[in-house]
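Subject: Structure handover

Hello,

Here is the structure I said I would pass on. My notes on helix packing and on the ligand follow below it.

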Amino acid sequence: MNLNELYEVVVKRQPNDKEFLQAVDEVFDSLKVIEEVHPELLSDDVLKRIVEPERQIIFRVPWVDDNGVTQVNRGYRIQFNSAIGPYKGGIRLHPSVNISIIKFLGFEQIFKNALTTLPMGGGKGGSDFDPKGKSDAEVMRFCQSFMTELYRYIGPEVDVPAGDIGTGAREVGYMFGQYKRITRDFSGVLTGKGLTFGGSLTRTEATGYGLCYFTQALLKDNGTTFDGKTVAISGSGNVAIYACEKATQLGAKVVTLSDSNGYIYDANGIDLDLVKEIKEVKRGRIKEYVDVHPEATYVAGERPWSVKCDIALPCATQNELDIEDAKKLVANGVFCVCEGANMPTTPAAIKYLMENGVYYAPGKASNAGGVACSGLEMSQNAMHLSWTFEEVDEKLEGIMNEIFRQCRDTAIEYGHEKEYVIGANIAGFLKVATAMKAQGTV
Ligand code: NDP
């Protein structure tokens, strides 16, 4: 069965799961390069198995709100692939969550985790619960109910969830507490934990910092640096905030951030202390920024891609940078687009960017710093010790440089120099496929 035939099988099996099909299509597109030169590396047996999750768990999450009314959400955990290690991937809490979104994220996670060089398989979970506007007590009751079902399926050597959209330190803390209470087991079953109970220094910063380390490696390889560059970032959550921080430290000027209601533009460079106060302390909206900085502008209902920039870092959500956005970025002379979010750039936008000479880095490579640091948190938990911020940060930078090297060298090896998406997909796939073949048909 060739890749086109297998893709039809995948479509037939889940015709409505559009995000998942988009993610499979992107990986298959890169694998066609192997099909042309080394068809023997694409074993039929591996391909058929890799697109089917090992396990899909869907469960009811009942909880009682502050008015005493019972609410019901749906919980998911997709254990996609354990060929190279325990399942590993975050938990997304957002009203848009459905099986297609969790499956696409789990599928991407397989290759991302392989690229980190750490022994982690691919998984993802979540719920259509929306933490926005809920009291701490409501969030706690939801997290406890969610874990009361999930605990059966996870464990430090089985499946280790983490944060994602809507799941930060607060939610991970509540979930960890409930897991420990039910199982009487204090272990590294979740990553992104608080620093007083097994969390790793640098985990909060890791995805955003890692994105900038990857981007720095890409810039260096192409003869330039962050210094003096203008950067547009979308989102104002965990990834966006720490990407903004590191890009600024590396000498760039970040001029935009956003949320699902609109974006802010500050020609003087984003005041990150203020953003942290609004988002991390008050859990407010990004438009509150202009109340303190009236010289900045807030544009409601728009994304930041019409702003002139050298580097674009989409850090909000999937499919948030489309072909029209890509045209504006190219017209404004963007040099590279490196993804902080998972699959934020649509396929048409990716094609347009690359055809117009823009360097494009897929999230499965450029945002792998978060899961890499989670892997380092697992190591520290297993050894019952903690590394310093500097030690973890240094390891993180080393891992991101290595991921860039794999993307670059694999792309060159297969005759597609500078096409980092091809390098990422092939390098990740070959590592997992080799492990799957060695373990037999399981
Ligand atoms: P957060 O919940 O901290 O922040 C998400 C940000 O994206 C918010 O500003 C949010 O705005 C915005 N956003 C969410 N949904 C939408 C939407 N439908 N349209 C426009 N904006 C939206 O999440 P993270 O920063 O952790 O995650 C951001 C991205 O990075 C996700 O794609 C995630 O999968 C990916 N990622 C995260 C990692 C991590 O370690 N946290 C690791 C690797 C990837 P609003 O408040 O209005 O919803």
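This is a predicted model: local features need pLDDT of at least 70, side-chain atom pairs count only at pLDDT 80 or more; totals for chains, interfaces and linings use all residues.

Sorted by class, the residues joining α5 and α6 are nine nonpolar, three polar and three charged. Helix α5 spans residues 136-150 and helix α6 residues 169-183; their axes lie 8 Å apart, at an angle of about 45°. The two helices α5 and α6 are therefore oblique to each other, and their crossing is right-handed.

A second pair is α7 (residues 203-221) and α8 (residues 238-249), with axes that come within 7 Å and cross at roughly 50°. That angle makes α7 oblique to α8. The crossing of α7 and α8 is also right-handed. On the α7 side the contact uses T204, E205, T207, G208, Y209, L211, C212 and Y213, and on the α8 side N238, V239, Y242, A243, E245, K246, A247 and Q249. Its make-up is eight nonpolar, five polar and three charged residues.

Then the ligand. It is surrounded by 25 residues, of which D164, T207, S260, R285 and N342 are the closest. T207 also belongs to the α7 side of the contact with α8.

- S260: 2.3 Å to an N or O atom in the side chain
- R285: 2.6 Å to an N or O atom in the side chain
- N238: 2.9 Å to a polar backbone atom

N238 is also one of the α8 residues in the contact with α7.

Regards

Terms used:
Residues are numbered from 1 along each chain as its sequence is written. Side-chain values use heavy atoms; hydrogens and water are left out. Axes are lines fitted to C-alpha atoms, for helices over the stretch in contact, and angles run from 0 to 180 degrees between N-to-C directions. Helices (H or I, at least four residues) and strands (E, at least two) are DSSP runs, numbered from the N terminus. Angles under 35 degrees count as roughly parallel, over 145 as roughly antiparallel, 65 to 115 as roughly perpendicular and the rest as oblique. A crossing is left-handed if the near helix is turned anticlockwise from the far one by less than a right angle, and right-handed if clockwise. Contact means heavy atoms within 4.5 Å. Ala, Val, Leu, Ile, Met, Phe, Trp, Tyr, Cys and Pro count as nonpolar, Asp, Glu, Lys and Arg as charged, and the others, Gly among them, as polar. A residue is near a molecule or strand if one of its heavy atoms lies within 4 Å of it. A polar contact is a pair of N or O atoms within 3.5 Å; within protein, one must be able to donate a hydrogen and the other to accept it, and residues adjacent in sequence count only if both atoms are side-chain atoms.
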